[in-house]
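Try each one yourself before you read its solution.

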Amino acid sequence: MRVAVFAGSASGVSPRFREAAIELGRALAEAGVGIVYGGGHVGLMGAVADACLAAGGEVIGVMPRSLVDREIAHLGLTELQVTETMHERKAAMAEQADAFVALPGGAGTLEELFEVWTWQHLAIHAKPVAVLEVDGFWRPLLDALDTMTANGFLKPELRSTLLVARDGADLLARTNGWQPPLPKWAGGLDPAAPPKP
């Protein structure tokens with residue numbers, strides 16, 4: 001089993017973010033679960049990879065050639081896969097992962113998280129998607145998702161599929177035996193939508 005980890009290329013202000021990344025990497029390795037991630041040696045990305053490797057785990061990095069050429073690739077990984085584009089990178093990560101988790105991060109982390117979560121809703125894949133909650137980091141985003149749900153833009157049954165884990169052990173417990181939701185359009189078009197002319 002492998003988990004795709006999305007994480008910031010910075011470490012953030014709070015030391016808790018780095019501690020959580022290290023704990024996650026160690027917990028996954030100790031459970032015999034590998035990591036597939038963006039391949040960087042910097043920020044939380046590097047911290048989770050180093051911790052998993054130090055605990056004897058498998059870590060596969062996937063990085064576009066343009067970023068490898070800028071010397072931010074982690075050169076001590078189990079395997080570093082080099083792609084030509086960001087689209088190829090994300091497709092390769094999704095294909096090799098059995099689950100997805102987002103650590104604190106910025107715009108890139110959000111983009112990766114929302115893409116795989118949307119793919120889940122559209123039945124492009126049937127894999128669990130989670131965020132690792134660290135000191136309330138994801139609370140504003142979760143509140144925004146609740147607002148989308150309350151206003152009819154996100155079905156409650158799909159809103160509930162974004163898992164919130166406290167640590168590595170909790171992540172593994174929540175993803176073990178997870179069942180995918182019905183696809184977004186399984187029940188037909190939105191019944192609240194106005195009829196077509």
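Strands (E, at least two residues) and helices (H or I, at least four) are DSSP runs, numbered from the N terminus, and two strands pair if DSSP finds at least two bridges between them. The model is predicted: local features need pLDDT of at least 70, side-chain atom pairs count only at pLDDT 80 or more, and totals for chains, interfaces and linings use all residues. Residues are numbered from 1 along each chain as its sequence is written, and side-chain values use heavy atoms, leaving out hydrogens and water.

**Exercise 1.** Find the order of the strands in the sheet, then its edges.

*Solution.* Step one: reading across the open sheet of seven strands gives E4-E3-E2-E1-E5-E6-E7, with parallel pairing. Step two: E4 (79-83) and E7 (162-165) each have a single partner strand, so one side of each lacks a neighbour in the sheet.

**Exercise 2.** Look at how E1 and E5 pair.

*Solution.* Start with E1 (residues 2-6) and E5 (residues 99-102): four bridges join them in the parallel sense. Then pick out Val5, which stands opposite Val101 in E5.

**Exercise 3.** Which residues of H1 and H2 make their contact?

*Solution.* First locate H1 (residues 15-30) and H2 (residues 43-54). Next, list the residues in contact (heavy atoms within 4.5 Å): H1 gives Phe17, Arg18, Ala21, Ile22, Leu24, Gly25, Arg26 and Ala29, while H2 gives Gly43, Leu44, Ala47, Val48, Ala51 and Cys52.

Methods:
Axes are lines fitted to C-alpha atoms, for helices over the stretch in contact, and angles run from 0 to 180 degrees between N-to-C directions.
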